[in-house]
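Hi,

Here is the structure I promised to pass on. Have a look at it first, then read my notes below.

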Amino acid sequence: MSAVIEIPTLTPSTDDISNGHYLKLRRLTVKEYDAMIQNGIFKENDQIELLNGVLVEKMPKGTKHSSANDRATKVFYRILGEKAIIRNQNPIWLDDFSEPEPDIVLAVFNENDYEETHPTPADILLILEVSDSTLNYDRNAKCLTYSKAGIRQYILLNVQDRTIEDYREPSADGFQSKQTYRAGQEFNLVAFPEISFQVQDFLPTNF
């Protein structure tokens with residue numbers, strides 16, 4: 001759940017262009033971003049993440065978002081047990097320009113619990129984003145970025161419609177498969193096709 005930090009665009013004058021005196025924006029790399037964190041330019045509590053070389057300011061989480069995130073985390077712990085590492089709002093490494101912090105990530109087991117490096121696409125079994133006020137951003141910009149990185153399954157927990165959007169078959173043009181599930185239905189995971197999840201378990205109990 002994020003919002004892109006707006007960077008003012010300067011329109012250079014004719015004289016500036018002819019003299020070569022104008023500025024160009026450059027994308028940040030993950031290496032540069034991590035160095036800024038290590039050197040204290042960004043703090044642990046700063047609500048930002050790096051996506052496609054752009055710093056993204058994460059929106060404050062409302063009660064519905066927080067509750068949905070906690071609920072989904074409990075479902076995964078209860079059903080998957082020791083089958084995967086469940087990471088909650090921690091960074092992942094997608095490529096040299098993207099180090100986002102999804103709401104929930106299921107990752108393969110790592111001998112040191114990813115103490116030395118963040119999970120990469122090869123390690124990631126599932127990404128789940130809880131989406132409310134940033135639905136369009138999560139459904140488009142993040143969805144395409146995850147697909148290009150080869151994330152095998154992306155689930156969007158749509159708080160507004162109380163649905164689960166299930167994206168599969170990643171490609172450079174976006175996920176090739178999308179299914180939408182509602183209360184009363186069930187779905188599985190690409191990584192664990194033998195396990196069924198009830199959509200209702202991810203929704204408020206008073207729904």
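These notes go from the overall picture to the sheet and then to one residue.

This is a predicted model, where local features need pLDDT of at least 70, side-chain atom pairs count only at pLDDT 80 or more, and totals for chains, interfaces and linings use all residues. Residues are numbered from 1 along each chain as its sequence is written, and side-chain values use heavy atoms, with hydrogens and water left out.

The protein has 4 helices and 11 strands (DSSP runs numbered from the N terminus: H or I of at least four residues for helices, E of at least two for strands). Of its 207 residues, 42% count as buried, meaning under 20% relative accessible area with a 1.4 Å probe, protein chains only.

Now the sheet. Six strands form an open sheet in the order E4-E5-E6-E7-E8-E9, with mixed pairing (two strands pair if DSSP finds at least two bridges between them). E4 (85-88) and E9 (177-181) are at the edges with a single partner strand each, so one side of each has no neighbour in the sheet. Inside the sheet, E7 (residues 153-158) and E8 (residues 163-168) run antiparallel, joined by 6 bridges. Tyr154 has Tyr167 in E8 as its bridge partner.

His65 is buried, at a relative accessible area of 1%. Its side chain makes a polar contact with the side chain of Asp103 (3.4 Å); that term means a pair of N or O atoms within 3.5 Å, and within protein one must be able to donate a hydrogen and the other to accept it, while residues adjacent in sequence count only if both atoms are side-chain atoms.

Cheers

Definitions and conventions. Buried < 20%, exposed > 50% of the residue type's maximum accessible area, 1.4 Å probe, protein only.
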